[in-house]
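Thank you all for coming. I would like to walk slowly through one structure this morning, so please have the sequence and the model open as we go.

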Amino acid sequence: MQVRVIDHPLIQHKLTLIRDVKTGPKEFRELLEEVAMLMAYEITRDLPLETTMIETPVAQCACKVLSGKKISVVPILRAGLGMVNGVLRLIPAAKVGHVGLYRDPETLMPVEYYCKLPSDIAEREIVVIDPMLATGGSSAACIELLKRKGARHIKLMCLVAAPEGIHLVNNQHPDVEIYTAAVDEKLNDHGYIVPGLGDAGDRIFGTK
């Protein structure tokens, strides 16, 4: 199964605060950005390095730098927007694409309504961002869309995942590794993650 649970103590502590129903939109947004930055640290752990020579105040030195691998962050609208700034704080040079998908309340199937990507998306290491991996339909549809646009190197970052969503993404896109802070128990009859954290978009933007 292509899933990595990031169990760093700071992430787990902040996730508990995010889950809490008493956490308001302002604190929710701040915590989400902080967790996204911490998760981005882990998701970029295997980026390739190369050696370059620099001059320190004391002497010449052979040091490591990223080997030119270009990164793109693609949030799934709208909830994915809540994690973008946290990732960009760590990787400010990353380009940002946007994919708009919503889940039909009757069929629970994803419906695409917007797509804007960097022109060189095929050359980039792509991190798809969505706080919730519930049914997996939106994430799988976004990944399929990116592949049709030429993307070859894709990772999926989510805050909380349900086993059903992991199973769907693994089946449809076995080449895509999933990074999450927690794998929860299940989905309820409305397709919400249990125990989850509610509707991430509504909690980010203060809507219902």
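Let me start with A140, which is buried, its relative accessible area being 3%; buried here means under 20% relative accessible area and exposed means over 50%, with partly exposed in between, using a 1.4 Å probe and protein chains only. This is a predicted model, in which local features need pLDDT of at least 70 and side-chain atom pairs count only at pLDDT 80 or more, while totals for chains, interfaces and linings use all residues. Residues are numbered from 1 along each chain as its sequence is written, and side-chain values use heavy atoms, with hydrogens and water left out.

A140 sits in helix α4, residues 137-148, where helices (H or I, at least four residues) and strands (E, at least two) are DSSP runs numbered from the N terminus. Which residues is A140 in contact with, if we leave aside its neighbours within four places in sequence? They are L168, V169, Q172 and H173, contact meaning heavy atoms within 4.5 Å. E30, by comparison, is 110 residues from A140 in sequence and 27 Å from it in space, C-alpha to C-alpha.

Let us move to helix α1, residues 9-19, whose buried residues are I11, K14, L15 and I18. These residues lie on the same side of α1, because they cover an arc of only 110° around the axis, the arc being that of the directions from the helix axis to the C-beta atoms. The face turned away from the buried side of α1 carries the exposed residues P9 and T16. Among the elements that cover the buried residues of α1 are α2 (25-43), β10 (153-161), β11 (177-183) and α6 (200-205).

How do α1 and α2 pack? Their axes come within 10 Å and cross at roughly 155°, where axes are lines fitted to C-alpha atoms, for helices over the stretch in contact, and angles run from 0 to 180 degrees between N-to-C directions. That makes α1 roughly antiparallel to α2, since angles under 35 degrees count as roughly parallel, over 145 as roughly antiparallel, 65 to 115 as roughly perpendicular and the rest as oblique. In this contact L10, I11, K14, L17 and I18 of α1 meet F28, L31, L32, E34, V35, L38 and M39 of α2. The residues of this contact of α1 with α2 divide into 10 nonpolar, no polar and two charged; Ala, Val, Leu, Ile, Met, Phe, Trp, Tyr, Cys and Pro count as nonpolar, Asp, Glu, Lys and Arg as charged, and the others, Gly among them, as polar.

Helix α2 also packs with helix α3 (residues 81-90), at an angle of about 50° and with the axes 7 Å apart. These two helices, α2 and α3, are therefore oblique to each other. Their contact divides into nine nonpolar, three polar and two charged residues. In α3 the buried residues are G82, M83, V84, G86 and V87.

Finally, a word on peptide bonds, most of which are trans. The bond from L77 to R78 is cis, with omega near 5°, and R78 is found in the loop between β4 (71-77) and α3. The bond from V194 to P195 is also cis, with omega near 0°, and P195 lies in the loop between β13 (193-194) and α6.
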